[in-house]
Amino acid sequence: MVAKTPSEIEELAFMDDILSGMDATAIPKAQAPCRPLVADAAKLARPTMSMHERASGDVVQRAHASKSGFSTPRKQKTLAVNMVTPRSSRRRTTSSPAKPTSHNETSELLEGVADWDWDDMNSDFMTPKKPKPPTITQESSKFPETQISTRCIVKTTELIDTADCYEKILTVQAVGPDENRRVVLQDDWVETDLAPGDVINVIGPFSLPPSSSSSAPLYSITITSRQNLLIHHPDQLITATSLSDAPRCRRKPLLSNLVRSSTDVTPSLVWGNMLHEVMQTCLADNAWGERDVNEKISDVVKRGLGDLLSINVSAEQAEHEVKARAKGLKAFSERYISQEPKDEAVLTDTRSGKQQKALLAISDLHDVEEDIWSPTYGLKGKIDASVQAVIVESGTPDNPFTKASNAKPSPSTDSPMPFEIKTGRSVAGMEHRAQTMLYTLLMAERYRTEVPSGLLYYTQSEEVVKVPAARNEIRALVLARNELAGYMMKRVTGTTVKVVGSASGDTGAPRSQVDAEVEIETVPFLPSTLDESHICGRCFVLDTCMLYRKAVENVVDDTSEIADMYALKTSHLTPTQGNFFKKWEALISLEEQDLLRFRKELWTMTAVERENKGRAFSSMVLDNKYDPPASSLKATLKREGKIHQYTYRFTKSAPANDSLLSGHMSVGDAVTVSVDPDLLALARGFIVGLTPQEVIVGVDHVVDPKKIATRNGCTSGSVVFRIDKDELFAGMGRVRGNLAQLFYADGDTRRLNLVVDLQAPQFEEWNEDIASEHVEAFREIAKLNTNQRLAVRKVLCAKDYALILGMPGTGKTTVIATLIKALVHMGKSVLLTSYTHSAVDTILMKLKEGVDFTILRLGSLDKIHPEVQGFTLAARRPAATVEQLEQQVMTPAVVATTCLALDHPLFSRRKFDYCIVDEASQVTLPTCLGPLRFADKFVLVGDHFQLPPLVRNRDAKRGGLDVSLFRRLSDAHPAAVVDLNEQYRMNEDIMTLSNRLIYSGRLRCGNEETATRGLHIPSLSFMQGLHEKSQCDKRACWLDRLLDPSCKAIFVDTDDVPAQDSRVGDLTQNVTEARLVHQVTECLVRGGVHQKQIGVISLYRQQIKLISYLLQEWKDIDILTADRSQGRDKDCIIISMVRSNDLTQIGDLMKDWRRMNVAFTRARSKLIIFGSRSTLQAVPLLTEFFTLMNERGWILRLPKDADQLHGSPASSPNKRTAGDELVTTGVGKRTPKKLKVSAFNEDGLLRGRPILQDVVNAEK
């Protein structure tokens, strides 16, 4: 089938769609071009740039002269001239999108068409006519000249009129060279909505105009319809797929990006995805025979059984459908897979003339599903296949889109190209063309070479279409992209929160009122609706669109074409419900600000800079000798193994003193792997293993240094990687989706009433007959203590929900496990969730033994604890049919997963009786809502007196985003809460701290053994030997006091030592306090306390790094932040409070009473707290703490230089002493030389540790 060449009207309609919504002045009548602004000057150049250099930008080149195809808007006499235009007034149109330009207007646009340079329209816009040879030589570069990018910050904008047109003059500060430059916008670029402070990328060369005054001229560039580009808000990476759909409706891509939810799976979508995968594997294997194709279809269908379960189609039917659609693959390969084009390999070009012919050969495959991020163009996209294509053209052009006055088409091209697979019926659709054109930009940057065209393959017509990267269409798409980016930035930055009273519990004592008055102010961040029923009615974001129109935009509509549709979707919402959605949606957007800031660090900061902040590993090399261990379990469904397809181990390129464990990255964190500094986000995945010297990652793409070296023109040994923590910015879209589900017309109305309207939950009266009806269930319940049994009873009586407040050490994990057993014995199904994988797996380990029902654990195998991987689908015989899979996922009584992992096909088919959410007080309200809609009743288990949800943005926290659903419901309905207050962890002294300060005396020890528990030191002989060489008062040695078994809870005051805190960049540490912690820890270990019995906690990450370095000999000692310590407990906990200064500056962390509570309640037998009383007592909660410690006599004031009292006699650092060779212990045993020298000898402590020496010397 030969594709129909679009008519002139169709071409114009497409351009109208793209340009719709802009000012009418953006597409004026043809005018005489503006007079040249910049004269020719000597051209300056630079060699090929790294991705970081391209982001910062320091590029100056001579701008070449060219004709202007589109004229600059004509001057309107009513508009003031030579004025700076603020954001609020600089646009000359209303906020509502304009209607598409009429064909009359477009006809006016095309006046003078015969004089246009059509050769430019058909050629790659990135390869303009070459200027004269540069006066300054440079290294040869594959980058097209106009791909040179300079990152700038707008300082001023000025709209001026010239003789016959408007220009917008920008004064910008170039990032990198840190110099002012001048950007002149003409033609439709004048309408770009810019303001001081905005970030832009200027694509094109700057030049230095001749000086016409005494002041030095600025490097300048003119951006017109014919040359150069401007990218507004380039850190907003917009997908090419979204942008290609923008011409029809600007609102749709914005909403689909804001709210992400599992959309309905349709058969056509499933067949299309499967055919994509089949063809991609055929390309990768270069295997196209009928047998090969059929085998690949069978394999794809087997891995796609989950999707087939969603649409209720058998595997046999699926194979039949995919085979019918794949029948042309063999013919495609015979025609197009070749090193040189064959005569029958005709390439369709909708812009070629009748006498023209093009032939295609696909000679190589570079990648499939290549995910490319481009902060240069503010775009990202996943390309179906990246191929090497050879195109040979012949014939005479007779179409104006390819016609050039004196030019001939290039006879052949051989370059990388995007190859997009389309399984629908339409051929060369305008959206497809736009998407493919944008991919040429991404590939040109990734492959560092010209990509003049893209390819579209339509499987139903068996036709390949060439899509030239036409300058004017690229420009129009960039303008549309800038408009979308402007709206997205308004959503992220245009929200302000005004709080009346306190809306967060991060200071002082626990608050009782959750819903403080919060005023949310937002600027409009969405274009107006189309108001066309035939388009809106078929839109997949209709529900979301109408919800935002009602709740956020407060639109009243009784007359438009979509008024009835609007009422149908939103008339059920009350003003209170609308305000609730508006508030929480805005709080989510505030939190996104920080995620966006962290994400853009990947291209605005070097790897070393980001590593210093703990969010990257720099200078990493691939360990080619690493052979990943064969796993006995493999993901059976495509969704489960989509990310971790390849495993690699990386090490530092040169030996380093810093440990990889000292940053903020840990096992399970999402990461991107980039080639430093050239290729951004080459692969994405997760950390699956981490040691001080190496990191193991599971990623979605092959990482091949040889292939990378060939592309970059270097040796494979010189390829250096950076591994960055990925903030998973898109995850907030899923969180918004959870929130939105409450408010849809067909959404979760019951939860809407309970959560938003705070309707009181209902409970049945307890019936003793239940016990006789469910003997097995109550046999399990009888194993609990009285307090725990009351909690289970509360759940069984609930009609809506119940809340279990699990205080520290009260056995909430045991209660949850018992509750699950009881519910299953009563014939109920349970969905078990939590925010973290570790919490889910801890409960499953309690259920591992002695249960007679089936449990299904969903999620990535990498993140599931090995002891419970037997509950996964991977541990079972792989399902061969949809019926077998249905049996495996629909019948288990218990399904366990995390709150955000709800995209498994079973959730489209299954509803549970109960949903239990553990750690519910640590989960934000919108996140917690996700799993609740899949169950009739829910149980939240948590403790809002411990860690709150993690919220980074200060304004979002002030607005209440850190208020969990658990806290909202427990404060509104205390009767729904049952306390677990009999604890079995802390002795009575340790418990007293939290009991008095936090729990108002409700907490008590479960038995006498717990109450009297103490830490036994097996041998104190080490201390005797230490005293013989020390300068301390042996009768009142502070170390002896801390090791005394009767000392169970103590604050060690360091004011007299002294132990002042210090800054490392923007981080806080306390070196002296770290030494004191080190000495106590060594005494415990050498006294016979097992390393696993000891834990060290600090609220400051830099202090954790320092202490980890000091204690690196003892690998089994946990050294954790308060956040990471929740859920763990140790016999002895040592806390380093860090803050100690004359100004009593304590920072925000010390004001958070919940983190302090977590830290205090990790200890079972001994709690030692190091800190400065004079500094810390400024905190209200800690003032009460010191009052209590004084009453009990639990404060130890250290003497001056306490950290040096137990040191060995000083010796010359250059002279080897006995202490260098051996460490003599108190019992006379000689320790081998390889063990670390005692912490009590500073020379021994610092020897061989240059970094620590520098840290300590800085303190002296």
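View 1. Helix α15 (residues 542-552) is largely enclosed by the rest of the structure, because nine of its eleven residues are buried. Here buried means under 20% relative accessible area, exposed over 50%, and partly exposed in between (1.4 Å probe, protein chains only). Helices (H or I, at least four residues) and strands (E, at least two) are DSSP runs numbered from the N terminus. This is a predicted model, in which local features need pLDDT of at least 70 and side-chain atom pairs count only at pLDDT 80 or more, while totals for chains, interfaces and linings use all residues. Residues are numbered from 1 along each chain as its sequence is written, and side-chain values use heavy atoms, leaving out hydrogens and water. Among the buried residues of α15 are Leu 542, Tyr 548 and Val 552. Just after the helix, look for Asn 554, with a positive phi of about 55 degrees.

**View 2. A salt bridge between Asp 726 and Arg 684.** The two side chains meet at 2.8 Å, N to O; a salt bridge is a side-chain nitrogen of Lys or Arg within 4 Å of a carboxyl oxygen of Asp or Glu. Asp 726 sits in the loop between β21 (721-725) and α20, and Arg 684 in strand β19 (residues 679-690), so the pair ties together parts 42 residues apart in sequence. Asp 726 is buried, at 6% relative accessible area, whereas Arg 684 is partly exposed at 23%.

**View 3. Asp 1131 with Arg 1164.** In this salt bridge the closest N and O atoms are 3.1 Å apart. Asp 1131 belongs to strand β36 (residues 1130-1136) and Arg 1164 to strand β37 (residues 1163-1171).
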